[in-house]
Amino acid sequence: MCRLIALDRNTLRYWSRRQDDGALRTRIREIAESKRRYGCPRIYVRLRREGWRVNHKKVERLYYRVEGLSLQRRRRKKAAAVPRVDLPKPTQPGRWYAMDFVHDRLANGRRFKCLTMTDPCSKEVLVIEVDVSIGVARVCRILDRLFTTRSLPDALILDNGPEFAGTALDAWAAQHGVHLHFIQPGKPVQNAFIESFNGKFRDECLNEHWFLTLQEAQLVIEVWRREYAAGIQ
């Protein structure tokens, strides 16, 4: 015996007013295909910069559930545990900066290096200098160039590489009243701020491009740095 169910007239005549998300879904997939290492949060920031009036919840729903996208995490090699060292938390931008080198190769096998410099407080990337060779004298010239338009920091956080441990950089720091804080050898976790950035830089930029020339590497890396800077603002 069938039972009749009474429906409210408004329910019976309801018509969905949800907007068509076809264009937005297409744009999300386009960004995900062109920027393969962008996750949902960075795609959301990119959409907002382009003028899309969407909130993060809708982007997440379309990204994960509708389009079935996800950022594949690359497995990291297991390493022996090292004692964690608590870093002082930066409270003001521009008080101290972290510096490090990232190495890569051109298509012909020639090695090149990238000097990265970040502000752990504001996450600003001041420079990514790319060249085949960057010695301690070149590092000093880069610092002179950067701090002609901004105030000098209290300290620079560095590892014990030959480009940082030379007398030239020590003389530069003494002349400008900047403290050089060297981490313990073999413990990059003590400079975790820039190590985290270097990992993102390699994952999103270096691993995604095959550079034929040094000039191409310099151009592509600078474009990526500007995009990264726009994404954290």
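Phe 197, Phe 201, Trp 224 and Tyr 228 form one aromatic cluster; rings of Phe, Tyr and Trp (its six-membered ring) pair if their centres lie within 6.5 Å, and planes under 30 degrees apart count as stacked, over 60 as edge-to-face and the rest as tilted. The model is predicted: local features need pLDDT of at least 70, side-chain atom pairs count only at pLDDT 80 or more, and totals for chains, interfaces and linings use all residues. Residues are numbered from 1 along each chain as its sequence is written, and side-chain values use heavy atoms, with hydrogens and water left out. Helices (H or I, at least four residues) and strands (E, at least two) are DSSP runs, numbered from the N terminus.

**Aromatic pairs**

- The structure holds ten aromatic pairs. In one of them, the rings of Trp 96 and Phe 193 have centres 6.0 Å apart and planes at 75°, so this pair is edge-to-face.
- Distant parts of the chain are linked by this pair, since Trp 96 belongs to strand β1 and Phe 193 to helix α8 (residues 192-204), 97 residues apart.
- Trp 96 is buried at a relative accessible area of 15%, whereas Phe 193, at 27%, counts as partly exposed. Buried means under 20% relative accessible area, exposed over 50%, and partly exposed in between (1.4 Å probe, protein chains only).
- Trp 224 and Tyr 228 make a stacked pair, with 5.3 Å from centre to centre and 25° between the planes. Both Trp 224 and Tyr 228 are buried.
- Trp 224 and Tyr 228 are four residues apart in helix α9 (residues 214-232) and are therefore separated by about one helical turn.

**The sheet**

- Five strands form an open sheet of mixed pairing, in the order β3-β2-β1-β4-β5. Two strands pair if DSSP finds at least two bridges between them.
- The edges are held by β3 (125-131) and β5 (179-182); each has a single partner strand, so one side of each lacks a neighbour in the sheet.
- From one strand to the next, the twist averages 20°. Axes are lines fitted to C-alpha atoms, for helices over the stretch in contact, and angles run from 0 to 180 degrees between N-to-C directions.
- Strands β1 (residues 96-105) and β2 (residues 111-118) pair in the antiparallel sense over eight bridges. Asp 100 stands opposite Thr 116 in β2.
- Helix α5 (residues 136-146) lies across β1, β2, β3 and β4 (155-158), and runs at about 145° to β3.

**Glu 129**

- Glu 129 lies in strand β3 and is buried, with a relative accessible area of 12%.
- The side chain of Glu 129 makes a polar contact of 3.0 Å with the side chain of Arg 138 and one of 3.0 Å with that of Arg 145. A polar contact is a pair of N or O atoms within 3.5 Å; within protein, one must be able to donate a hydrogen and the other to accept it, and residues adjacent in sequence count only if both atoms are side-chain atoms.
- Beyond residues up to four places away in sequence, Glu 129 touches residues including Lys 113, Leu 115 and Ile 142, where contact means heavy atoms within 4.5 Å.

**Helix α4**

- Val 59, Leu 62 and Tyr 63 are buried in helix α4 (residues 56-66). They cover an arc of only 95° around the axis, which puts them on the same side of α4; the arc is that of the directions from the helix axis to the C-beta atoms.
- On the other side of α4, Lys 57 and Arg 65 are exposed.
- The buried residues of α4 pack against α2 (22-34) and α3 (40-49).
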